[in-house]
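Visitor: I'm new to this. Could you walk me through it?

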Amino acid sequence: MTAPHTPVLLDEVIQALAPGPGDVIVDATFGAGGYTRAILDRGAIVHAFDRDPDAIAAGETWPEARQAPPRLVLHPHRFSRMVAALAEAGVRRVAGVAMDIGVSSMQLDRPERGFAFSADGPLDMTMSQSGPTAANFLNEAPEAEIADVLFHFGEERQSRRVARAIVAARPLSTTRELAEVVRKALGHRPGAPKDPATRSFQAIRIHVNGELDELQNGLNAAEQILAAGGRLAVVSFHSLEDRIVKRFLREATGATARASRHLPEARAASAPTFENLSKAIRPTDAETLRNPRARSATLRVAVRTSAPAREAA
Ligand SMILES: C[S@@+](CC[C@H](N)C(=O)[O-])C[C@H]1O[C@@H](n2cnc3c(N)ncnc32)[C@H](O)[C@@H]1O
C-alpha cells in the first residue's frame, strides 16, 4: 500500500476557486481527488479529468459519482481534450478550472509504474498506462534526440554524456538500470546530497507524456471553457512548467501581446481574456514541513473576462 496523495496548496486553491453550491468546476488533474473532495464539500458539481485509468477507477467509487444525477463526473481523458469532452456531457461553460500539474504520489511511489529512480521497476513512466514507454524511447531514439530531451526537459548540462551512456547500455528495461547508467555517467558519489538521476528521470517523464504541450493546450482549453468571472488556478512544480503558466497569463491579461501565426501583428493584441492575475503563491513553511513534495509548488490564479477566447497560437 502506498501513502495517498496529499493535496498541495489545497486551501489556497479552494480560496481562489471559491466554489459555491451548484457551480460547475473542472478538476483537470483528479489524482486522488483532494481538490475535488473539497469542491464537492462546498456543494459544487465537479467534472474531473485524469489520463490515468487507476485514478478514474478510484473516483468512480465515490458516492457523488454514483448518485443520480451525479455531482462528480469523471472523464478518462487528457485535459487538453476538455472542451470536446465537456461538450459531449452537455457542458459549455464552467465557473472554475483547477490544474495540479505532474505526477501523483500513487504514480511516483509504485515502482511498477516506472517513475521512481530510487526503486526498481519496468521503464514505463506513462501516466495513461498506454502508448510508447520510456523504454521504447530510450531504446529506439537517436542519441541526439535523447540528449535534447535531457537538456531541454531536465536542464541536464551533461546531456550529451548521459545520452551517450544510455545508448551504449541499450537495451535498458528497468528504472534501476537507467538510474545506474546516469549516475555512472555523471560520476555520482554514493551519499552525495542530490541524486543526479533526478534530472534525467524528470526529462524522460516529461517527454514520454508530452507534458509541456499538454499544459499549454490545457491552458488554452481553460480559456475557452471558462465563463466570464470564472477562476483559473494552476499549480506547477518546476520552472519549465511555471514559465509556461506565467507567460500564458501575462499574455492573456494583456501585459504582452501574443505572437500569432494567423493574425497580422496589429490584430494579435486582442482584449485581455483574464484579469486579476495573482502573484506566485507558494506553500507555507508549515505545509512544506508536513508535505516535502509541496516544496517546489507554485500556484497562479486569474479570473476570466468576458472577451472572446484567443485563437490558439
Ligand atoms: C499531482 S496529481 C493531482 C493530485 C490531485 N490534485 C489531488 O489532490 O489528489 C496529477 C494527476 O494529474 C494527472 N495528469 C497529469 N497530466 C495530465 C493530463 N495532461 N491530462 C489528464 N490528467 C493528467 C496525473 O495522472 C495525476 O493523476
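This is a predicted model: local features need pLDDT of at least 70, side-chain atom pairs count only at pLDDT 80 or more; totals for chains, interfaces and linings use all residues.

Visitor: Is the crossing of α12 and α13 left-handed or right-handed?
Guide: Helices here are DSSP runs (H or I, at least four residues; strands are E, at least two), numbered from the N terminus. Left-handed would need the near helix turned anticlockwise from the far one by less than a right angle, and right-handed needs clockwise. The crossing of α12 with α13 is right-handed.

Visitor: At roughly what angle do the axes of α12 and α13 cross?
Guide: Axes are lines fitted to C-alpha atoms, for helices over the stretch in contact, with angles from 0 to 180 degrees between N-to-C directions. The axes of α12 (residues 211–225) and α13 (residues 239–252) come within 10 Å and cross at roughly 25°. That makes the two helices roughly parallel (angles under 35 degrees), and the angle asked for is roughly 25°.

Visitor: Is Leu 219 buried or exposed?
Guide: Leu 219 sits in α12. Beyond its neighbours within four places in sequence, its contacts (heavy atoms within 4.5 Å) include Ile 244, Val 245 and Phe 248. Its relative accessible area is 0%, and under 20% counts as buried (over 50% is exposed, with a 1.4 Å probe and protein chains only), so Leu 219 is buried.

Methods. Residues are numbered from 1 along each chain as its sequence is written. Side-chain values use heavy atoms; hydrogens and water are left out. Angles under 35 degrees count as roughly parallel, over 145 as roughly antiparallel, 65 to 115 as roughly perpendicular and the rest as oblique.
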